[in-house]
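Me: I am new to this structure. Can you walk me through how to read it?
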Amino acid sequence: MTTFQFFLHNFSEPFCYGICFLLTLLHTRSDKHPKWRALVAYYFIATLLMWKAGYSYPNLTLYNLLCLLSSIGIGTYFYYTFISTIKRRIVIVYVIVQSAYYLTDVFRADPPKVFDSMGFVILSVGVVLMSFLFMHQILTNVTEEPLSWNFDFWFVSSQLFYHLGSFFVFLTYGYLTRKLQSSNDYSIENRMYLSQLWLGHNVLLFLSALFIGGSMLWIFFRKKLPSSL
């Protein structure tokens, strides 16, 4: 495995989280709402966790913790973004469900020896649901500001794109790991195939980060354009 391949398989994930951390940190310079600060903290911790996971094996505990952290961090963002009390309660229920699953997994008598993707499936389903609830909110609360200038819209769109794609990656990854474990064929070669599948997830994460960065540039230049005319 070349150095570049080693980076892609082990450190592209913390690299992507690091980009998201820097972008959300930059955004807090103009918007100091608590939801953005929560995301800054989330992406910072996620970057550290995944960086450590790149050096650690097994790293199942770190990924399980990342799943819980993602639910709390993104859930906090949606909680502060939603106007409706009902939608906020949905966020609370979602975080409770994810937390309960995490605790059940931690205190399980016979913890799985391979990656348990069900927690990440719950994560993606929850984020997709909350993303659609957000789209409903902006469509029913129209403002004079162009939608293309709304950074929340672009950020949620990036999460919708990432988690819709990741949902199928998590399902497939979980199915393959259980199948390989049951057949006692969890060899180095098969692990490499799984690594390639997870690399597809990292690509989705990277595209999501680029989407966030591109939307920030779009909003910045579109808002500056009228003043230059």
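Reply: Start with the order of elements: along the sequence, the protein chain runs α-α-α-α-α-α-α-α. That comes to eight helices and zero strands. Helices (H or I, at least four residues) and strands (E, at least two) are DSSP runs, numbered from the N terminus.

Me: What should I know about the model and its numbering?
Reply: This is a predicted model: local features need pLDDT of at least 70, side-chain atom pairs count only at pLDDT 80 or more, and totals for chains, interfaces and linings use all residues. Residues are numbered from 1 along each chain as its sequence is written, and side-chain values use heavy atoms, leaving out hydrogens and water.

Me: How much of the protein chain is buried?
Reply: Buried means under 20% relative accessible area, exposed over 50%, partly exposed in between (1.4 Å probe, protein chains only). Here, buried residues are 45% of the 229 in the protein chain. In α2, they include C16, Y17 and F21.

Me: How many aromatic pairs does the whole structure hold?
Reply: Rings of Phe, Tyr and Trp (its six-membered ring) pair if their centres lie within 6.5 Å; planes under 30 degrees apart are stacked, over 60 edge-to-face, the rest tilted. The search finds 24. Among them is Y173 with W198, edge-to-face at 5.3 Å centre to centre and 65 degrees between the planes. Y173 lies in helix α7 (residues 151–182) and W198 in helix α8 (residues 188–228), 25 residues apart. Both Y173 and W198 are buried.

Me: Which residues do ring pairs link into a cluster?
Reply: W36, Y77, F78, F82, F151 and F155.
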